[in-house]
Amino acid sequence: MLTTLGDLLRYNIEFRIGAILVGLVAVMAGLSLASPYSPMDTFLVAPDLPPTLTHPFGTTSRGQDVFWHLTFAIRNTLAFGIVVALLSRLLSLAIGLLSGYKGGWVDRLLMSINDTFIVIPLFPILVLFYFMLRDRMSWWVLAVIMALLGWAYDARLIRSVALSLKHREFTHTGIFSGMSTREILVREHLPYVMPIVFATTMNNMNWSIGLEVTLSVLGFTDISAPTIGGMIYWANQHTALVAGVWWWIAFPVILIVMLFVGLFLLAVSMNEHIDPRSRLRRMGAGGA
Amino acid sequence: MESRAPLDCDRAARTRQQAEVALCVEDLKAYYRTRHFGVEREVKAVDGVSFEVRCNEIYGLAGESSSGKSTLIKAVAAAMRPPLEIVGGRATFRFLPGARSLNQATASQLAAIRWRKLSYIMQGSMSVLNPVRRVRCSFADFASRHLGGNKAAFQVRVRQHLELLKLDADVLDAYPHELSGGMRQRVTIALATICRPDFVIADEPTTALDVIVQKDVLDMVRDIQGEMGSSLLLVTHDLGVHAYMAHRLAVMYGGRLVEEARTPELFSSPQHPYTKHLIASLPRIGVDAPRIGLAGSPPNLAAPPSGCRFHPRCPLAGDRCRREMPTMIAVAADHRVACFAVAGAGGTA
Amino acid sequence: MTAPLIELSHVSKTFGAAGGFSRRRVRAVSDVGFALPADVAEILTIVGRSGSGKTTLARMILGMESPTAGEIRLLGKDVAQMHGARDRKAFIATVQPIFQNPFEAFNPLRRLDEYLFLTARRFGGAADRRQAQAGADAALRQVGLSLAEVAGRYPHELSGGQLQRTAIARALLARPKLLVADEPVSMVDASLRMSIVNLFMTLRDELAISIIYITHDLATAYHISNRIIILREGRVVESGDARTVLVRPQHPYSRQLKEAVLVPRFPGPSSSESESPA
């Protein structure tokens, strides 16, 4: 595993750039542990100060240091994205693999549920949940809800790979070697499905973070916990751009763009590496 | 067992014409060079192959997996894509005398040659026929691209050609998937030969077909070759097909030729240990003697054995075989062998 | 009188063409019947062209499809009724497959020895890894390989012949009574083919394993079979003792098949026939 990462770093420029970008964002998130200010307090420092040496990213109209507040914001946003991605990957893998392999009524049932979820319009549903849950809408709850809504599309992708794998002869060899269904899905089929899982994880993170930012900007989330969207929300509330406090909006946006681009580049470069066909080519197999 | 006598037709006329060489391959080397994440691999798929295909002759090329025969065709017919590169040697066609190989020809030269001077019959017939259009349209596309001339004249020509090949004219109205595999292959052959090319390359043309259809298709190919007087380079692993079709036959192993002779002579007195073993291991109905397979495995062309590629599996391997690579030397008229253990081929045995 | 090892009676398989409104049905197999005795090992060859139904028949015997009509009985028990986990396990311990494509028989991304060890643990009675390794080595030696050659290797590192032999070794680890080999050597090099075909004879003679050998190659069928069945469009056209049927076929279709086999003609009558390999 480490050798592959080393190879990628050395030879793949996209991976390198992506790793640097995501690395910077992760460092920012990690710095939150060293923050001298608590994220929830306001009016700790002089408001509306432009970027200086003491306040590298300036201060907000609410008297918070933008830099240190941003570390908390990015940490929460990142954690949110990871949780949603993990939960929804698990769901789509389980449902997609099982549905593709079993076929028959299991497949039909799961795919009807799947298609229902694909069709659901996400944004109105999320707003509805906000209005229903109001005070209890912490970002954990939002993460779970989004995970439950975000598995459907990828489950179908995984299912189509599983369908083709079902008919390959090594699946039958596995059956005749005594493998149970679970073992076949995990040991034989999962490696072929991993490229899709990986690519969709990055997309999923981009999607969930983007949606969370949108909701926060509109005020539909728990605005006390600092997130990127929350910062932008408050900046809008204080009409920061009109007041000339551009650093309040610019730095969160720059950071989130870095994260998106970095994740995308990582996904693209790792995908080529994980794809079974290119793995086989590297090992030396597959048609001379 | 009945079979048509393949070789006793007008010998004299053929010998006259055969003196001309349609394809001359000299010391051709084609390697796959790949580079993934800093790991360089060089697979010596074709490593110094020399032979000639004469006019009006069926030349068979036999070989198993990792013999390099598929790569050889790609190199000769300019169907190469990286990572496959020609590293040395030449493959010259009679109809394009200037070029060292077809890979050097310009795009317009290639367009003029394809299907008119050089055509292919491949294993997967579906790759030539458009699956969503009727067969008739595939023929019509040909006319516009390769022949020019007016439509009506071309239609007549198509029908005449089909008649020659004993194909029913209503095959033109069918879609490819409606035809059986054998029928599709026959249509592909019709397409490949309608421009009466000088040289035809057939790569495993009947491997996907079953025995009865295979015989019909091979009969068709042979008839049309005789009628057109063109050269046919027939590549397949099936020795039975070679015995039925080829005038001369060469055996490839590990990227090199090991033996080449006229077909009856190759089967009656093979010289190279590999050829001998291959022929002796063929089971036959009515013959109860035990058959033995060859020990060992085909060579790994990325790290081939030193010296003669066959020596790890050869019962006659000696010291010299491990150090030096044997070259093709004539041991009789029109019979070449590359082996140190064969008398008259550079060996002392 | 013991039940036969495997018995097919009036087995048919019809596939409905796709689409609910289509009434086209494809009869892949029609009214096929034969039996293999349990006390004597035999090689039964099923010969036919592509589309003759031989692969469908193989899949039905292996339990991967169920017949539309007729019965397949394994040691007296109806295969179509074997649903539970224990029945399936008993079935797998009795019948093992050998597939046509040796390069597809194993997952290209996994090591070969894992399949061997798994079969040894699940069916071969191996209790731990050491016993599994010993069992795998013994099985590989029976097919002419050894664990040292195969351990830690991926499928692409071996030749087609070696892979097919590994597949046979894996099947042997389950200690089956019946092997169903569907075109096992058609994708193997000609020079390696005979060693695998001869291996089937050894399995029959020394390990008393019966083999259903499905092929289109009449010559190898002649070489190793006890009995032969010739299929055409899903029906049996001729069956009987292999050598008799192949040397003097009665049915016109069988004769047509035999005449289509391309055999090199050797000048000189008997010298080439008895020629021993170099």
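An open sheet of 8 strands in chain B runs in the order E5-E6-E7-E3-E8-E9-E11-E10, with mixed pairing. Strands, like helices, are DSSP runs numbered from the N terminus (helices are H or I with at least four residues, strands E with at least two). Two strands pair if DSSP finds at least two bridges between them. This is a predicted model: local features need pLDDT of at least 70, side-chain atom pairs count only at pLDDT 80 or more, and totals for chains, interfaces and linings use all residues. Residues are numbered from 1 along each chain as its sequence is written, while chains are lettered from A and ligands numbered from 1 in the order in which they are written.

**Sheet of chain B**

- Strand E5 (118-121) and strand E10 (329-332) of chain B are the edge strands; each has a single partner strand, so one side of each lacks a neighbour in the sheet.
- Direction ignored, neighbouring strands of this sheet are turned by 25° against each other on average.
- E5(B) pairs with strand E6 (residues 199-203) of chain B in the parallel sense, over 4 bridges.
- Ser119(B) stands opposite Val200(B) in E6(B).
- Helix H6 (residues 181-193) of chain B lies across E5 and E6 of chain B, at about 175° to E5(B). Angles run from 0 to 180 degrees between N-to-C directions, and axes are lines fitted to C-alpha atoms, for helices over the stretch in contact.

**Contact of chains B and C**

- Chain B gives 36 residues to the contact and chain C gives 40 residues. Contact between two residues requires C-beta atoms, placed from the backbone, within 7 Å.
- On the side of chain B that touches chain C, the elements giving two or more residues are helix H7 (211-228), helix H8 (239-245), helix H9 (263-268) and helix H10 (273-280) of chain B.
- That side of chain B divides into 20 nonpolar, 9 polar and 7 charged residues. Ala, Val, Leu, Ile, Met, Phe, Trp, Tyr, Cys and Pro count as nonpolar, Asp, Glu, Lys and Arg as charged, and the others, Gly among them, as polar.

**Helix H10 of chain B**

- 6 of the 8 residues of H10(B) are buried, so the helix is largely enclosed by the rest of the structure. Buried means 20 or more other C-beta atoms within 10 Å of the residue's own; exposed means 12 or fewer, and partly exposed lies in between, with C-beta atoms placed from the backbone.
- The buried residues of H10(B) are Pro273(B), Tyr274(B), Thr275(B), His277(B), Leu278(B) and Ile279(B).
- Their cover includes H8, strand E8 (248-253), strand E9 (256-262) and H9 of chain B, together with helix H7 (190-207) of chain C.

**Helix packing in chain A**

- Helix H3 (residues 66-102) and helix H4 (residues 104-119) of chain A pack at an angle of about 145°, with axes 7 Å apart.
- The H3(A) and H4(A) contact includes Ile95(A) and Leu98(A) of H3(A) and Leu110(A) and Met111(A) of H4(A). Its residues divide into 5 nonpolar, 3 polar and 2 charged.
- The axes of H3(A) and helix H6 (residues 139-149) of chain A come within 8 Å and cross at roughly 35°.
- The contact of H3(A) with H6(A) has 10 nonpolar, 2 polar and no charged residues.

**Chain C overall**

- Chain C has 10 helices and 10 strands.
- Its C-alpha trace spans about 60 × 55 × 45 Å along the principal axes.
- Of the 278 residues of chain C, 47% count as buried.
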